Amino acid sequence: MKLKREDTITSFQFIFLIIQAQVGVGILSMPFNIYTAAGHDSWISVLIGGCVVQVLLILFWILMKRFPSMTLYEVLDSTTGIFIGGVIKGLYIIYFILVGSNILSLFSEIINIWILPLTPRWLLIVLMAGIGIYAVRGPVKFLARFYVFVSLLLIVFVLLVIYSFWEVDYLNIFPIGEKGIMPILKGTEKALFSMIGFEMYLIVAPYVNSSSIKKLKAASISNVVVTIFYSFLTLICILFFGIKEFILVPEPLLYMIKSFSFKILERIDLLFLSVWIVSVATSYMAYLFAASRGLMSFSKKNKEHSPYVFYAAILSVLISLMPEGVYKVGQFSTFVTYLSYIFVLGLPVLLLLLSLLTHRKEKQQS
Amino acid sequence: MKNHRSNKNSKPVTMNADENLHVIQSILHGTSDLKTRTITYQKSSGVIIYLESIADTEKIQQSVIEPLNRAMDDEGTVETVITNTELSFIEELHEGVGKLLTGSCLLSFDGMCGMYAVNVTSQLTRTPEEPTNEKVVRGSHEGFVDSLTQNLGLIRKRLENKNLVVKQYVIGQSTNTKVALVYMDDLVNKEVLSEIFRRIESISADMGFSPGYLEEFMEDKTFSPFPQMLPTERPDRTMAHLLDGRVAVLSEGTATALILPVTFLSFFQSPDDFNSRVLSGSFFRLLRMVSFLVAMTLPAVYIAIIGFHFEILPNELILPVKASLEGIPFPPIIEAFVMVFTIELIREAGVRLPTPIGQTIGIVGGLVIGDAVVSAGFISNVMVIVIALTAVASFTVPTYEMGASIRILTFPLMIAASLLGFLGIVMGLMVILLHLCKLESIGTPYFAPFAPLNLSGLKDAVIRFPLWKMNNRAMDALPQKRSQRNTKGWKNK
């Protein structure tokens, strides 16, 4: 055994890093969003969404395999040149910061609605950003250790939800495929947005200390886990609420859990929200890391992302304070999700085509 | 000793014994415990010089004076005559003074260009007793004493192994304290070892008098609330850690060994776990982990429930809690602070007092204050229960240092809970967890085997598996060999 001086993570940690980046703030309203498009066939939409993510992951894998020791930022530099690459890098950083601030503003909104109605939003946002700064400064391996440990909480999540199996009506999912294929595909679009986070593959893959195929395997495992988890949540919500009630509950998971009570705990949704906060924090940290890693790639001499974390966090806090009220926050969130079409779907695929056409590859160092 | 040898104005030993004595007396500023005795050997007169305070006069008589007298007229050099095991020839006066200070006596003869130093250190020994703050129910009742050689002996007695290595250092420019590093050469990770060597060699201090000093000079993060080295007074515990590939640091004059690198979990383990049966041992460990969580979070959770989330309590519980809160003039955070502060006062007052007075303080503090404060209506009943439970839980941690850290961590969590309720607690716990994940002890992960997660390491973590199931060593100290021979060797027919 050797003392690990260099900053690498194992493929096992990589699984949890992607899971934690994906599962986050959106999970509370995800079933509702999909339901508005796909009705009681939402769970099929989620499964299809998982397949789309898997295809994307394979594309990412082909791209990153050609540049094994580079993150997305260095790939951009070496395929599109310093200037155009620099511009796209900047756009990516802005995108990651926007996603981060979207997480922050949704988080503060939900906390304001559910637990602390009088606490000012900026305080919640600043505290969360402070935790993010503390977490992301320093090597990635520490972050990965944290992610693996807090993944235990996902089990609590699942257990709390499983409890509702006693109170569901199985007839609610029938008839399957009533409205045809189009609504299901529309629901898939919504499902994809809640699965955003797998693009961390493009940033973290070079930090993983294992063979290229193992990285794909790890990412696929996390995709499968998240897809099953999401479709399970969606399915349960459909079974629990039925058609008429569902349209009234924007945070179906919370409303569902709120209706249970145990002998020693009356409001389990508070417990659920406490666990959810950790998931929010982990996905915020992932985007903060992605943004600060991008800022680092602009510097020639700096080999650490730590000094840039602070700037990325400040930017995300300032942006997240701009939209106010449920309506504005919702609009902002929709805007950011549409941006992810470009940055998660469009640009990486373009980049792959470009590198395939120009036969650009990372030079092998002997 | 280093600083004597490196002295610039060191003088060579002269042919005249009296002159040598005068120089030594002036180097030691005429200290009163410097004693001499004149002696003649083979017609040349000489002098024996020693420090009465640390030399054993009996030994001088037996191994120096008597042999010299007996061999008065024989042919033979001093080396062949003196029966002591440690004898060296010295040519520099300052070197001689250094020897004198470690408990040797000097022999100087007229007409001899040098001196003999004979080791006659008096051994002030204390019999090994059971350490008071690391008691076990079953198992070894021996503890370290204040003498370094005796402590090393206690370890060697338990580990008869050719790979056990002791490396000595001298730390403290003024005190010249002997420090010994003990490790198993075939197990310890060489990179960890060289890092420890590097850190211990670069310590420059006037005084190196206790493990606490060494710990502060060597640890990775001084301002972390968690101790990064394990102090122990138990030789059996030290031995077990050495066999996991860790390093023990002992120093002269203290009965404590420092084990490094360690993990968070080593502070929750006790030799008792392995002396008791598997099920009960696991149960006790689980109990300690739970008590760790209780000690850290219980007051915070209570404050959060009272202040923010009353609705989380079931109907049957609301009435008694609400009734006890009736008429209390302070907000829960002040209540909790007052009570925790009182308990810390009682503890601090009791620690250094002799046992009978300590007990009195405990009774006055605990019973009288606790009862009076409730009946006076200052503090609610439930709060007293919560704080008392917290205090008891914080003392179940088998190491004193970790218990203290936990008690310190309750305060920020209480403040966070009073500001933001459950959200504050979760955020506080997240920061603590992040800190634990980031902390390293000499380059090895502190929060192993939880983070990084190591499934086979968990066999000896929260619960303990049967010994014959643990075929792998704890990997957190990154030992050279992974496998550990633990098999039953027989099967039920």
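In chain B, strand 2 (residues 44–51) and strand 4 run antiparallel and are joined by 4 bridges. The model described here is predicted. Within this pairing, I49(B) has L106(B) of strand 4 as its bridge partner. Strand 4 of chain B is also joined to strand 5 (residues 115–119) of chain B, again in an antiparallel arrangement, by 5 bridges. In this second pairing, S104(B) stands opposite N119(B) of strand 5. Strands 4 and 5 of chain B form a hairpin with 5 residues between them. In the turn of this hairpin, G111(B) adopts a positive phi of about 80°.

Strand 4 of chain B, which spans residues 104–109, is mostly covered, with 6 of its 6 residues buried. The side chains of S104(B), L106(B) and S108(B) point one way from the strand, whereas C105(B), L107(B) and F109(B) point the other way. Residues on both sides of strand 4 are buried.

On chain A, a nonpolar patch on the surface is formed by L152(A), I155(A), L159(A), I162(A), Y163(A), F165(A), W166(A), Y170(A) and F262(A). Together these residues contribute about 930 Å² of accessible area. One of them, Y163(A), lies in the loop between helix 8 (152–162) and helix 9 (181–194) of chain A.

The contact between the chains takes 37 residues from chain A and 35 residues from chain B. An area of about 3,300 Å² is buried between chain A and chain B, and carbon and sulfur atoms give 74% of it. Across this interface, 2 salt bridges are found. R267(A) forms a salt bridge with E311(B), with the closest N and O atoms 3.6 Å apart.

Over all chains, the whole structure contains 21 salt bridges. E142(B) forms one with R158(B), the closest N and O atoms being 2.8 Å apart. E142(B) lies in the loop between strand 5 and helix 6 (148–158) of chain B and R158(B) in helix 6, so the pair ties together parts that are 16 residues apart in sequence. With a relative accessible area of 23%, R158(B) is partly exposed.

A further salt bridge of chain B is formed by R285(B) and D273(B), whose closest N and O atoms are 2.7 Å apart. This pair links distant parts of the chain, as R285(B) belongs to helix 11 (residues 278–307) and D273(B) to helix 10 (residues 272–275), 12 residues apart. Both R285(B) and D273(B) are buried.

In the salt bridge between E344(B) and R407(B), the closest N and O atoms are 3.1 Å apart. Here too distant parts of chain B are linked: E344(B) lies in helix 13 (residues 332–351) and R407(B) in helix 16 (residues 400–420), 63 residues apart. R407(B) is buried because its relative accessible area is 9%, and buried residues are those under 20%. Elsewhere in chain B, a network of salt bridges links E195(B), R198(B), R199(B) and D220(B).

Notes: Residues are numbered from 1 along each chain as its sequence is written. Chains are lettered from A and ligands numbered from 1 in the order in which they are written. This is a predicted model: local features need pLDDT of at least 70, side-chain atom pairs count only at pLDDT 80 or more; totals for chains, interfaces and linings use all residues. Side-chain values use heavy atoms; hydrogens and water are left out. Buried means under 20% relative accessible area, exposed over 50%, partly exposed in between (1.4 Å probe, protein chains only). Helices (H or I, at least four residues) and strands (E, at least two) are DSSP runs, numbered from the N terminus. Two strands pair if DSSP finds at least two bridges between them. Patches are made of residues with over 30% relative accessible area and no salt bridge: like charges are joined within 9 Å, nonpolar side chains (Val, Leu, Ile, Met, Phe, Trp, Tyr) within 5 Å. Accessible areas come from the Shrake-Rupley method with a 1.4 Å probe; for residues, only the protein chains shown count as cover. A salt bridge is a side-chain nitrogen of Lys or Arg within 4 Å of a carboxyl oxygen of Asp or Glu. Contact means heavy atoms within 4.5 Å. Buried area is the accessible area (1.4 Å probe) that two parts lose on being put together, summed over both.
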